[in-house]
Amino acid sequence: MTTVSGQDLINLAALTSAVIAALTSSFLAWQAIRVNQNMNHMPVVLEVLKPHRTPDFVRKETLLWKELSDHPAELGFFGLPEPIMSHAIEVGTYYQVLSYTSLYGIADGEFIAVQTHYRLLRTWEALREHVEGERVLRGGHNTFLNSYEEFAGLVATMDIDAATRRLVRRSGKLRLR
């Protein structure tokens, strides 16, 4: 039978304290890194989403949903009459930029998908045939709005409710008063 000396208990307490301090420090550092990564994306996300919230952009997008299908897809984008052509270019390239900032990790793609899901997909469906027409005119698939197509495909398969829950959990505690 071995006995534990007072010195052994002091050493054990010191070791336990050191392990707890190291674990706490690691946890806090990990939290700080996670928060910092999310904060680095926020200015980009807010800037990229700014046009999406303007009445003028929404009017142009809605007009495309209603009227673009009245024009032959073979015209692509640049063969469309005005103002449909300008609206299609502006709205399509907006979603292209939004898509490549998401796909290439410049901004949080899941956050952008949750914020734009409905309109991003509805607009892609409105533009898709004319994008394909523009690609035929340009002579290749990856010549026009290919990042938008890729991101729309990913967003269409996402469970947006689950993604929203993940974002809330990832951001920490939901603080409502």
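Biologist: How many aromatic pairs does a search of the whole structure find?

Modeller: The search turns up 9 aromatic pairs. Keep in mind that this is a predicted model. As a general idea, two aromatic rings are described by how far apart their centres lie and by the angle of their planes.

Biologist: How are the rings of Trp-65 and Tyr-118 arranged, and why does the pair get that label?

Modeller: Their ring centres are 6.1 Å apart and the planes stand at 85 degrees, so the pair is edge-to-face. The cut-off behind that label is a plane angle over 60 degrees. Trp-65 belongs to helix α2 (residues 55-67) and Tyr-118 to helix α4, so the pair ties together parts that are 53 residues apart in sequence.

Biologist: Is Trp-65 buried or exposed? And Tyr-118, buried or exposed?

Modeller: Trp-65 has 18% relative accessibility and counts as buried, because the limit for that class is under 20%. Tyr-118 is exposed, its relative accessible area being 52%.

Biologist: What kind of aromatic pair do Phe-78 and Phe-144 form?

Modeller: Phe-78 and Phe-144 are edge-to-face, with 6.4 Å from centre to centre and 65 degrees between the planes. Phe-78 sits in the loop between α2 and α3, while Phe-144 sits in the loop between α4 and α5 (146-157), so this pair ties together parts that are 66 residues apart in sequence. Phe-78 counts as partly exposed at 45% relative accessibility, whereas Phe-144, at 8%, counts as buried.

Biologist: Which residues form one aromatic cluster?

Modeller: That cluster consists of Phe-57, Tyr-94, Tyr-95, Trp-124 and Tyr-148. You will meet Tyr-95 again in the contact of α3 with α4.

Biologist: Let's turn to that contact, then. How do the axes of helix α3 and helix α4 cross?

Modeller: The axes of α3 (residues 84-103) and α4 (residues 109-138) come within 11 Å and cross at roughly 145 degrees. The crossing of α3 past α4 is left-handed. On the α3 side, the contact is made by Ala-88, Val-91, Gly-92, Tyr-95, Leu-98, Thr-101 and Ser-102. The α4 side contributes Gly-109, Ile-112, Thr-116, Arg-119, Leu-120, Thr-123 and Leu-127. By class, the residues of this contact divide into 7 nonpolar, 6 polar and 1 charged.

Biologist: How does the reach of α3 from its first C-alpha to its last relate to what is expected?

Modeller: With 20 residues, α3 reaches 28 Å, which is close to the 28 Å expected at 1.5 Å a residue.

Biologist: Now the backbone. Which residue takes a positive phi just after α3?

Modeller: Gly-105 does, with a phi of about 75 degrees. In general, a negative phi is what most residues other than glycine have, and most peptide bonds are trans. Here Leu-145, a residue other than glycine, has a positive phi near 55 degrees. Leu-145 is in the loop between α4 and α5 and is buried, at a relative accessible area of 5%.

Biologist: Where is a cis peptide bond found?

Modeller: The bond joining Glu-82 and Pro-83 is cis, with omega at about 0 degrees. Pro-83 lies in the loop between α2 and α3.

Biologist: To finish with the whole chain: how many helices and strands are there?

Modeller: The protein chain has 6 helices and 0 strands. Of its 177 residues, 33% count as buried. Among contacts between residues at least 6 apart in sequence, 76% join residues at least 24 apart.

Conventions. Residues are numbered from 1 along each chain as its sequence is written. This is a predicted model: local features need pLDDT of at least 70, side-chain atom pairs count only at pLDDT 80 or more; totals for chains, interfaces and linings use all residues. Side-chain values use heavy atoms; hydrogens and water are left out. Axes are lines fitted to C-alpha atoms, for helices over the stretch in contact, and angles run from 0 to 180 degrees between N-to-C directions. Helices (H or I, at least four residues) and strands (E, at least two) are DSSP runs, numbered from the N terminus. A crossing is left-handed if the near helix is turned anticlockwise from the far one by less than a right angle, and right-handed if clockwise. Contact means heavy atoms within 4.5 Å. Ala, Val, Leu, Ile, Met, Phe, Trp, Tyr, Cys and Pro count as nonpolar, Asp, Glu, Lys and Arg as charged, and the others, Gly among them, as polar. Rings of Phe, Tyr and Trp (its six-membered ring) pair if their centres lie within 6.5 Å; planes under 30 degrees apart count as stacked, over 60 as edge-to-face and the rest as tilted. Buried means under 20% relative accessible area, exposed over 50%, partly exposed in between (1.4 Å probe, protein chains only). The expected span of a helix is 1.5 Å times one less than its number of residues.
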